[in-house]
Amino acid sequence: MTQSIGFTDIDFERTGKQVGFLNLPSSVHDDAWGVVRVPLAVIRNGTGPTVILQGGNHGDEYEGPIVLGELIRDLAPEHINGRLIIVPAINTPAVEAARRVSPLDGLNFNRTFPGDPLGSITQQLSAYVNDVLFPLADAFVDLHSGGSSLSIIPSAIVEPAEDAELAGRIRAAVRAFGAPMTVVISNFGDPRTSTASAVRAGLVTVGTEMAGTGTVSPEAVRICRDGVRNVLVHLGVLEDEVAPASGAAGDMLYAIAGPRSYVMATQAGVFEPYQDLGAAVSAGQPAGRIHFLTDPQRTPEELVHGADGIVYGRRHPGRVKPGNCCVVVASKCEDRS
Ligand SMILES: [Zn+2]
């Protein structure tokens, strides 16, 4: 297998706390022998499991990077049993640009796994996570927030796993997060996400979607802060569970049931939603309508829900074009774990 050309001063085997960078060589017009620097911290003590904590997968999702920065500043080796590999802003170019995709190559990091160690910068990043970090780890936490285009109910995410035993351990770890909702999301079955890749590598994998809209939600920061800590307690790396800020999540498990759960725009215009987040809806019920602001005589185009459930996510910008996701419905599903 081709090796990553990324390099770091951090020794993943050393006990103690190290904060530094992963460096990916980047030879561009104004910097012939430069690097893209990705912040990286390793905290190791004792014999517990290795957990990768990743934020900044998308550069416009902030609760994860904020909480992971706090952990890097606050945790000392004596606080933990195991090894934390903390990458608070994995797609650093996208984080600095406040964009979902990298400004360097236009790629969505979360659609590039398993990556290419000799590809573009984003492909090199995913290859580093997949080929170098995943083999070191027992568990992987990937902190998302919905991004600029979505307003979403803060939730912990289950990535489906074929292996029943691993699936059970994943659900237990995701439940430990203690988010207001727990949702199974397969991203249309896309295998190129970091969580899908982590599950293929056999890691106990926990995802999140916090409040979104490209800003910082104080409530979501609290949920994320407590959730990460509780997952680490569940995995045996930290002691002293904290009560989730969000209150009890309950036993209900939700899932994005597939393409019918997404209400997509059919016309270019401005989408008027009919329901708020958390509203109960049923298949066939109108979800909203698209207005044609410069053609006032034209009847707005009504969109309908394709699934029963609750409104889990909603497009944030009003302006839509055909194919844009306007509403996402999460449906109740049976927890077989
Ligand atoms: Zn994301």
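This is a predicted model: local features need pLDDT of at least 70, side-chain atom pairs count only at pLDDT 80 or more; totals for chains, interfaces and linings use all residues.
Trainee: Which peptide bond is cis, and where is the place of Pro-114?

Mentor: The cis peptide bond to look at joins Phe-113 and Pro-114, with omega at about 5°. Pro-114 has its place in the loop between α2 (92-97) and α3 (121-133).

Trainee: How many salt bridges does the structure hold, and which residue forms one with Arg-100?

Mentor: The structure holds nine salt bridges. In one of them Arg-100 is paired with Glu-61, and the closest N and O atoms are 3.3 Å apart, which falls inside the 4 Å limit used for a salt bridge. Arg-100 belongs to the loop between α2 and α3, whereas Glu-61 belongs to the loop between β4 (50-54) and α1 (63-74), so the pair ties together parts that are 39 residues apart in sequence.

Trainee: How is the protein chain divided into domains, and how far apart do the C-alpha centres lie?

Mentor: The chain is divided into domain 1, residues 7-255, and domain 2, residues 261-332. Their C-alpha centres lie 30 Å apart, and the contact takes 18 residues from domain 1 and 16 residues from domain 2.

Trainee: What area do domain 1 and domain 2 bury between them, and how many residue pairs are in polar contact?

Mentor: The two domains bury about 1,400 Å² between them, with 68% of that area on carbon and sulfur atoms. Across this interface the rule finds zero salt bridges, while five residue pairs, both residues at pLDDT 80 or more, are in polar contact. On the side of domain 1 that touches domain 2, β7 (150-152), β8 (155-158), β9 (181-184) and β11 (253-255) each supply at least two residues. The residues of that side divide into twelve nonpolar, five polar and one charged.

Trainee: In what order do the strands of the open sheet run, and why is one side of β16 and of β18 left without a neighbour?

Mentor: Four strands form the open sheet in the order β16-β15-β13-β18, with antiparallel pairing. Because β16 (301-304) and β18 (319-320) stand at the edges, each with a single partner strand, one side of each is left without a neighbour in the sheet.

Trainee: How many bridges join β13 to β15, and which residue is the bridge partner of Glu-272?

Mentor: Four bridges join β13 (residues 269-273) to β15 (residues 286-291), and these strands run antiparallel. The bridge partner of Glu-272 is Arg-289, in β15.

Terms used: Residues are numbered from 1 along each chain as its sequence is written. Side-chain values use heavy atoms; hydrogens and water are left out. Domain bounds come from an automatic or database domain assignment. Contact means heavy atoms within 4.5 Å. Buried area is the accessible area (1.4 Å probe) that two parts lose on being put together, summed over both. A salt bridge is a side-chain nitrogen of Lys or Arg within 4 Å of a carboxyl oxygen of Asp or Glu. A polar contact is a pair of N or O atoms within 3.5 Å; within protein, one must be able to donate a hydrogen and the other to accept it, and residues adjacent in sequence count only if both atoms are side-chain atoms. Ala, Val, Leu, Ile, Met, Phe, Trp, Tyr, Cys and Pro count as nonpolar, Asp, Glu, Lys and Arg as charged, and the others, Gly among them, as polar. Two strands pair if DSSP finds at least two bridges between them.
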